[in-house]
Amino acid sequence: MSSREDPSKQVVIVGGGIIGIACAHYLNEAGFQVTVVDKSEIGKACSFRNCGLICPSHVLPLAEPGTVQATIMSMLSGGGAFKIRPRVDLRLWRWFLNFWKRCNREDMLESARAIQPLLTSSHHIYEDLLGSGSIECEYRTEGLMFVYKNQQAFNSYSPTNDLLSSQFNEPARRLETKELVEFEPSLKGDLAGAWLYESDAHLRPERLLSSWIDQLTQKGVSFIENCELQSIQHSQQQVQSIRAGGQELKGSHFVFATGAWTPLLKDLLGIYIPIQPGKGYSVTLPVPENSPRVPMIFPEHRVAVTPMESGLRLGSIMEFSGYDTSFKNDRLRLLTEGTKEYLRSPLTEVASEHWFGWRPMTYDTTPVIGNLPGRLNAFLATGHNMLGLSMAPATGLLIKELICGEKPHLDIAPYKVDRW
Ligand SMILES: Cc1cc2nc3c(=O)[nH]c(=O)nc-3n(C[C@H](O)[C@H](O)[C@H](O)COP(=O)(O)OP(=O)(O)OC[C@H]3O[C@@H](n4cnc5c(N)ncnc54)[C@H](O)[C@@H]3O)c2cc1C
């Protein structure tokens, strides 16, 4: 019996971002008939024009000692990358309180230990999946640099490097000014130095999505756009079907990979997942003359620069403004202004693409992957914060393993859906 006819191997995935696509990949490989539905266009939400960094080095969570003070200073300065739209929203303030409580060494290490296996496993999977070139997405393994202007700020990263080396086996190479300019000639000669993570990689995320979707379509995966989840039908502990975009979709298993929108599905899922949308922006320019070769982050200005084969992308900003769809041009200026102090040649080209996306932010910086409580055949895969691209393949593999009743390749306890 083919999977098209086998009623025990029909899976419906709600959410066609990078997480939903990675789940579709593994479930298709395991012989399931897979249908992916999305309320708008497949692959055009947060996974679309992000910075494209695949960074196993990004082990430490956002909540770490000193984050709150640094954030307040950045907000007071007005020009910082962190923004909150002040409003009465109890869930937002509860989220911040919980986030703030986790800004200590013990919780930071707990989150880091939870995140690292997902990052490392995904990195290896990407090497296999993309290294062969069958999915064309401008995949490169040039590393990632944290570039500092100020000597004191540069030196102050040293204890973090010691921690990452000793506890997480993620040492960085320290590049002093002269070596830095030789290594990356697009940078100015008056910078303090950089920390280089040699094993990080990058790609063009929208190309990854479109190639991967094409490949999955050819393998029989169905994608349905403009198909919003409306209701979930269940009997006892099993989901029987969902209603989405006016049609009823039956399945043996269901996966909800709904990113930043997940908390809005509280009544349908029967559980509130404390995720806040963390709005970030990117601009993409035509490849400039004297373009950087290596992706870099400027921590003092909180701007990421990703040199893709077909463009130069600048990205950053963490704005907690709910599901506000307005596009703020001053945020884009922060990105372009932020690079001026680092790059030797000014970026004079007009940006060809402007974009924002809502990162699915949990206050423990840890994703939510597992069984939906009380529903044996339904699963959540969400809350990937600032690293969904970097953690997608291992998430998809975990969901496949859970659905197939296999031993998960990673300990899934830290990602429990009802840990709140
Ligand atoms: C500026 C910026 C830069 C970033 N850079 C990086 C980076 O360099 N590396 C990295 O690893 N990560 C990066 N990220 C984070 C990464 O983009 C996210 O973690 C990731 O895209 C989340 O993927 P997702 O599939 O969960 O969500 P999404 O891509 O948002 O997909 C969720 C999908 O669910 C659909 N959906 C929601 N509700 C419903 C419903 N009710 N019915 C049907 N469909 C529904 C939505 O329409 C959407 O398509 C960046 C993010 C931003 C904003």
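Me: How close do the axes of helix α4 and α11 come, and at what angle do they cross?

Reply: The axes of α4 (residues 105-131) and α11 come within 7 Å and cross at roughly 90°. An axis is a line fitted to C-alpha atoms, for helices over the stretch in contact, and angles run from 0 to 180 degrees between N-to-C directions. Helices are DSSP runs of H or I with at least four residues, strands are E runs with at least two, and both are numbered from the N terminus. The model is predicted: local features need pLDDT of at least 70 and side-chain atom pairs count only at pLDDT 80 or more, while totals for chains, interfaces and linings use all residues. Residue numbers start from 1 along each chain as its sequence is written.

Me: Why are α4 and α11 called roughly perpendicular?

Reply: Angles under 35 degrees count as roughly parallel, over 145 as roughly antiparallel, 65 to 115 as roughly perpendicular and the rest as oblique. The crossing of α4 and α11 is at roughly 90°, and they are therefore roughly perpendicular to each other.

Me: Which residues make this contact, and how do they divide into nonpolar, polar and charged?

Reply: From α4 they are L118, L119, S121, S122, I125, Y126 and L129, and from α11 S390, M391, A392, P393, A394, T395 and L397. Contact is a C-beta criterion (atoms placed from the backbone, within 7 Å). The contact of α4 with α11 has 10 nonpolar residues, 4 polar and no charged. In this scheme Ala, Val, Leu, Ile, Met, Phe, Trp, Tyr, Cys and Pro are nonpolar, Asp, Glu, Lys and Arg charged, and the others, Gly among them, polar.

Me: What makes β10 and β12 edge strands?

Reply: The open sheet of 3 strands runs β10-β11-β12 with antiparallel pairing. β10 (229-235) and β12 (247-250) each have a single partner strand, so one side of each has no neighbour in the sheet. Pairing itself requires at least two DSSP bridges between the strands. β11 (residues 238-244) and β12 have 4 bridges, in the antiparallel sense. Among the facing residues, A244 has Q247 as its bridge partner, and S241 stands opposite K250. The β11-β12 hairpin has 2 residues between its strands, and G245 in the turn has a positive phi of about 55°.

Me: Which strands are at the edges of the sheet with 6 strands?

Reply: That open sheet has the order β9-β2-β1-β13-β20-β19 and mixed pairing. β9 (222-224) and β19 (368-371) are the edge strands, each pairing on one side only. β2 (residues 33-37) and β9 pair in the parallel sense over 3 bridges, with V36 opposite F223.

Me: What surrounds the ligand?

Reply: A shell of 41 residues does, with G15, G17, G259, G280 and G388 closest; the criterion is a C-beta atom, placed from the backbone, within 6 Å. α1 (18-29), β14 (275-285), β18 (353-362) and α11 (388-403) each give two or more residues to the shell. By class, the shell has 18 nonpolar, 19 polar and 4 charged residues.

Methods: Two residues are in contact if their C-beta atoms, placed from the backbone, lie within 7 Å.
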